[in-house]
Amino acid sequence: MLLIYNGKIMTMTDTEYDNGYILCDKDKIIAVGCDMNEIDGLLTSEVNKIDCRGGYVLPGLIDAHSHIGMWEDAVGFEGDDGNESTDPVTPQLRAIDAVYHADRAFVEAYEGGVTSVVTGPGSANVIGGQFAAVKTFGRSVDEMIIKQPVAMKVAFGENPKTVYNEKHQSPMTRMATAAILRENLFKAKEYKELWEEYKKNTAELDKPEFDFKLEALVQVLNGEIPLKAHAHRADDIITAMRIAKEFNLNITLDHCTEGYLIKDILAEAGLPVIVGPMLTDRSKIELRNQNLKNPGILSKYGVKVAIMTDHPCVPVQHLCMCASLAVKEGMEPKEALKAITINAAEIVGIADRVGSLEKGKDADIVIYDGNPLEMMTKVQKTIINGTVVYERVRND
């Protein structure tokens with residue numbers, strides 16, 4: 001058992017405790033509160049205790065969109081496994097087959113308080129493949145998995161246009177990008193219907209031919225996973241929304257750089273957004289309207305917002321700094337912290353395990369020596385699955 005006490009507990013629910021405790025049993029939280037008398041019957045002499053010394057205690061931070069482990073740190077081509085840019089349609093690709101679990105970036109992530117990341121293919125292809133949600137500590141990616149697959153990556157706008165224009169093949173326009181996505185969703189719908197009919201009449205019908213690509217897209221059509229739509233420009237965001245509506249699909253709008261320009265449309269649609277990266281220059285044309293006020297504006301319009309690093313675009317350990325910048329530019333502090341904890345977890349579909357400090361959830365906890373949104377605040381301890389994986393050495 002692990003008892004964390006004497007800290008400002010920010011559960012990321014409607015409850016906070018100025019001088020609270022968290023009790024963990026193995027890898028799960030079993031109690032959260034402010035009166036330690038409530039748990040007297042649960043405590044034994046073998047309970048490990050952590051005195052937070054008045055520091056802030058948060059659920060482990062969650063990066064809702066990254067490519068950690070897909071582009072290995074300081075390796076170059078040998079470690080670049082994020083874009084299979086030989087075919088614009090690759091839904092069968094799985095992030096777990098490319099993530100290098102021993103990448104130094106994972107260590108830097110949990111040293112920075114990030115305990116869960118959603119990682120997967122880049123945006124070279126119209127359909128890039130399957131993202132996975134993983135913990136940032138473990139002996140292998142299989143042990144680190146929270147959920148796989150967690151989303152299907154699709155990309156709009158400049159990236160697929162640029163990649164395939166250089167190859168002199170489709171898609172070279174936004175029209176073609178949308179058409180290729182639609183075509184494959186229609187094929188997957190027909191494929192799904194063929195298999196459903198065959199399973200009802202196996203004695204009378206020929207068995208349909210198995211198609212690995214379409215099989216992967218059936219999960220999207222069934223609503224098991226959302227489309228994870230790379231879209232910066234307002235028109236690309238709306239195209240992504242249009243196609244999702246046509247096929248009745250779940251979707252998250254990732255990057256959403258010009259989201260604030262269509263804030264009313266997004267609010268009316270009720271779709272979640274994953275904003276970022278926020279510490280980069282305007283490196284391409286579709287970023288020309290990048291604005292740090294974006295997450296705050298969307299949040300105030302009632303849009304559910306998560307903040308991402310898009311690692312390695314912004315190193316994953318700076319996720320909390322990105323939230324701080326959003327606060328500096330008008331986002332409410334509580335909403336900024338939600339954007340890297342519970343909102344991120346809910347948007348990507350892993351809130352049953354992580355994102356808040358509640359009974360029954362994974363014991364992923366970060367202890368800070370002050371307000372996490374302040375630049376000089378440091379992570380004191382990071383706990384993943386009930387185990388202290390990082391402890392800052394005190395310099396007395």
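Biologist: Leaving aside its neighbours within four places in sequence, with which residues is aspartate 63 in contact?

Modeller: The model is predicted, and aspartate 63 lies in strand S6, which spans residues 61–66. Once neighbours within four places in sequence are set aside, the contacts of aspartate 63 are Val114, Ser116, Val117, Val118, Met308, Thr309, Asp310, Val316 and Leu319.

Biologist: Is aspartate 63 buried or exposed?

Modeller: The cut-off for a buried residue is under 20% relative accessible area. Aspartate 63 has a relative accessible area of 0%, and therefore counts as buried.

Biologist: With which side chain does the side chain of aspartate 63 make a polar contact?

Modeller: The C-alpha atoms of aspartate 63 and alanine 306 are separated by 8.4 Å, although these residues are 243 apart along the chain. Thr309 is among the residues in contact with aspartate 63. At 2.4 Å, the side-chain partner in the polar contact is threonine 309.

Biologist: At what angle do the axes of helix H4 and helix H5 cross?

Modeller: Helix H4 covers residues 174–200 and helix H5 covers residues 212–221; their axes come within 9 Å and cross at roughly 90 degrees. Angles of 65 to 115 degrees count as roughly perpendicular, so H4 is classed relative to H5 as roughly perpendicular.

Biologist: How many nonpolar, polar and charged residues does the contact of H4 with H5 have?

Modeller: H4 contributes Asn184, Leu185, Lys187, Ala188, Lys189, Tyr191 and Lys192, while H5 contributes Leu214, Glu215, Leu217, Val218 and Leu221. By class, the contact comprises 7 nonpolar, 1 polar and 4 charged residues.

Biologist: Against which elements do the buried residues of H5 pack?

Modeller: H5 is mostly covered, with 7 of its 10 residues buried. The buried residues are Leu214, Ala216, Leu217, Val218, Gln219, Val220 and Leu221. They pack against strand S8 (127–135), strand S9 (145–155), H4 and strand S10 (227–231).

Biologist: Which residue caps the N-terminal end of H5?

Modeller: Just after H5, glycine 223 takes a positive phi of about 80 degrees. At the N-terminal end, a side-chain oxygen lies 3.0 Å from the backbone nitrogen of lysine 213, and the capping residue is aspartate 211.

Biologist: In the hairpin of S15 and S16, which residue takes a positive phi?

Modeller: Strand S15 (residues 379–384) and strand S16 (residues 387–391) pair in the antiparallel sense over 4 bridges. Lysine 381 stands opposite glutamate 391 in S16. The hairpin has 2 residues between the strands, and the residue with a positive phi, near 55 degrees, is asparagine 385.

Methods:
Residues numbered from 1 in each chain as written. Predicted model: local features only at pLDDT ≥ 70, side-chain atom pairs only at ≥ 80, totals over all residues. Heavy atoms only, no water. Buried < 20%, exposed > 50% of the residue type's maximum accessible area, 1.4 Å probe, protein only. Contact = heavy atoms within 4.5 Å. Polar contact = N/O pair within 3.5 Å; in protein donor to acceptor, adjacent residues only side chain to side chain. Pairing = 2+ DSSP bridges. Axes fitted to C-alpha atoms, helices over the stretch in contact; angles between N-to-C directions. Parallel < 35°, antiparallel > 145°, perpendicular 65-115°, else oblique. Nonpolar A, V, L, I, M, F, W, Y, C, P; charged D, E, K, R; others polar.
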